[in-house]
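Work through the exercises below with the structure open beside you. Try each task before reading its solution.

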Amino acid sequence: MAWAAIGLLVAPAALAQTAIDPQRLRRAADYNAAQKGVSMLVMVDGKIVFEDYPNGGSPGRAYELASGMKGFSGIMAVAAAQDGLLDLDEKVSQTISEWRGDARKSRITIRQLLSLTSGLAGRSAPGTAPGYAEALAAPVAEEPGKRFLYSAAPFQVFGDVMRRKLASRGEGPLEYLKRRMFEPIGLEIGSWRRGEDGNPLLATGASLTARNWAKFGELVRRGGVWEGRKILDGRLLDQCFQGTAANPAYGLAWWMNREVPAALRSTIPELQGNHRLGEASLWRARGLPADLVLAAGAGNQRLYVSRERKLVVVRQAEDKRNDFSDFEFLVLLLGKG
């Protein structure tokens, strides 16, 4: 079947292999379109079974992932651990010498940076991030490891950690990502913004097509193996999907389908009020895979992965002013009842 350049794209042979009802795919796609989505891609067991590009979207167009790109940092960290560049539980101050004289900063670990439990304060406007030096200077508002604080600064600090560790190799964080993970799976970046300091932003700013983002999701789903080649150590990769006492629903830069007690949920703004992730607890929905993980960005950019269902789903929106709900979308696509 020759696929059209835009609009609804369905592969009938592949669709027959998935347990997702075609009517569910259509209802989820209609919902996505109504919420200003520009892409929806569903991949099952490595095969694209459904694509839709409403509202002027296109399979060849790269859209900004916003904070959805934070998931790259978690995966980069486990790759660096596999390569002997770092240990996830090492102190950041082993590399960032400026932190050694600070009672709190000297105790922050790389794992705490990426699980957003470092205690670093400072919020930036959506779509922006501090430069590396500014992030290093951010104050510590909470004792490391005690509270989940969502911000861009920890990812920028991690960027500087990687920059310093890679300097002797003549690479930067983005070059490392490209060589280590993107090129081996044929992932092409649309664009990747840099800060005023010239360093690549790790908290926001990358643009990918739905198909390229899905490739990254498929690498994660396969446990780090691509076409028989071991790109990432599966046991290290799984550490990206281990929550913390401060937020059981967040691992190393990835959100997860996990229960968060009501009292704890009330302390995490991203799981409350108008934040779509907190609109309803996914773990309560019938039929959703318990192992579902997602990379999430402003404007409700989403990459969902489930090994149990052999599933990768991408959802993107160009207009960030939309009322997309993970709960409603996923129940339409995968839920029961």
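## Exercises on salt bridges and helix packing

Asp45, Glu218, Arg221 and Arg222 are joined to one another in a network of salt bridges. The model is a predicted one, and a search of the whole structure finds 24 salt bridges.

**Exercise 1.** Find which parts of the chain are linked by the salt bridge between glutamate 318 and arginine 61, and decide how exposed the two residues are.

Solution. 
- Step 1: the side chains of glutamate 318 and arginine 61 form a salt bridge, with an N to O distance of 2.4 Å.
- Step 2: glutamate 318 sits in the loop between strand E12 (311-317) and helix H11 (326-334), and arginine 61 in the loop between strand E3 (47-52) and strand E4 (63-64). The pair is 257 residues apart and links distant parts of the chain.
- Step 3: Glutamate 318 has 41%, so it is partly exposed. Arginine 61 has 38%, so it is partly exposed too.

**Exercise 2.** Is glutamine 112 buried or exposed, and which residues does it touch?

Solution. 
- Step 1: glutamine 112 lies in helix H4.
- Step 2: buried means under 20% relative accessible area. Glutamine 112 has 17%, so it counts as buried.
- Step 3: leaving out residues up to four places away in sequence, glutamine 112 touches Arg107, Thr117, Ser118, Pro144 and Gly145.

**Exercise 3.** Describe how H3 packs with helix H8.

Solution. 
- Step 1: H3 and helix H8 (residues 210-221) have axes 12 Å apart, at an angle of about 40°. With that angle, H3 is oblique to H8.
- Step 2: the crossing of H3 and H8 is left-handed.
- Step 3: H3 contributes Gly71, Phe72 and Ile75 to the contact, and H8 contributes Trp213, Phe216 and Val220.
- Step 4: by class, this contact of H3 with H8 has five nonpolar residues, one polar and no charged.

**Exercise 4.** Describe how helix H2 packs with H11.

Solution. 
- Step 1: the axes of helix H2 (residues 22-34) and H11 come within 7 Å and cross at roughly 160°. Angles over 145 degrees count as roughly antiparallel, so H2 is roughly antiparallel to H11.
- Step 2: the crossing of H2 and H11 is left-handed.
- Step 3: the residues in contact include Leu25, Ala28 and Tyr31 of H2 and Phe329, Val331 and Leu332 of H11.
- Step 4: the contact of H2 with H11 divides into eight nonpolar, one polar and three charged residues.

How values were computed
Residues are numbered from 1 along each chain as its sequence is written. This is a predicted model: local features need pLDDT of at least 70, side-chain atom pairs count only at pLDDT 80 or more; totals for chains, interfaces and linings use all residues. Side-chain values use heavy atoms; hydrogens and water are left out. A salt bridge is a side-chain nitrogen of Lys or Arg within 4 Å of a carboxyl oxygen of Asp or Glu. Helices (H or I, at least four residues) and strands (E, at least two) are DSSP runs, numbered from the N terminus. Buried means under 20% relative accessible area, exposed over 50%, partly exposed in between (1.4 Å probe, protein chains only). Axes are lines fitted to C-alpha atoms, for helices over the stretch in contact, and angles run from 0 to 180 degrees between N-to-C directions. Angles under 35 degrees count as roughly parallel, over 145 as roughly antiparallel, 65 to 115 as roughly perpendicular and the rest as oblique. A crossing is left-handed if the near helix is turned anticlockwise from the far one by less than a right angle, and right-handed if clockwise. Contact means heavy atoms within 4.5 Å. Ala, Val, Leu, Ile, Met, Phe, Trp, Tyr, Cys and Pro count as nonpolar, Asp, Glu, Lys and Arg as charged, and the others, Gly among them, as polar.
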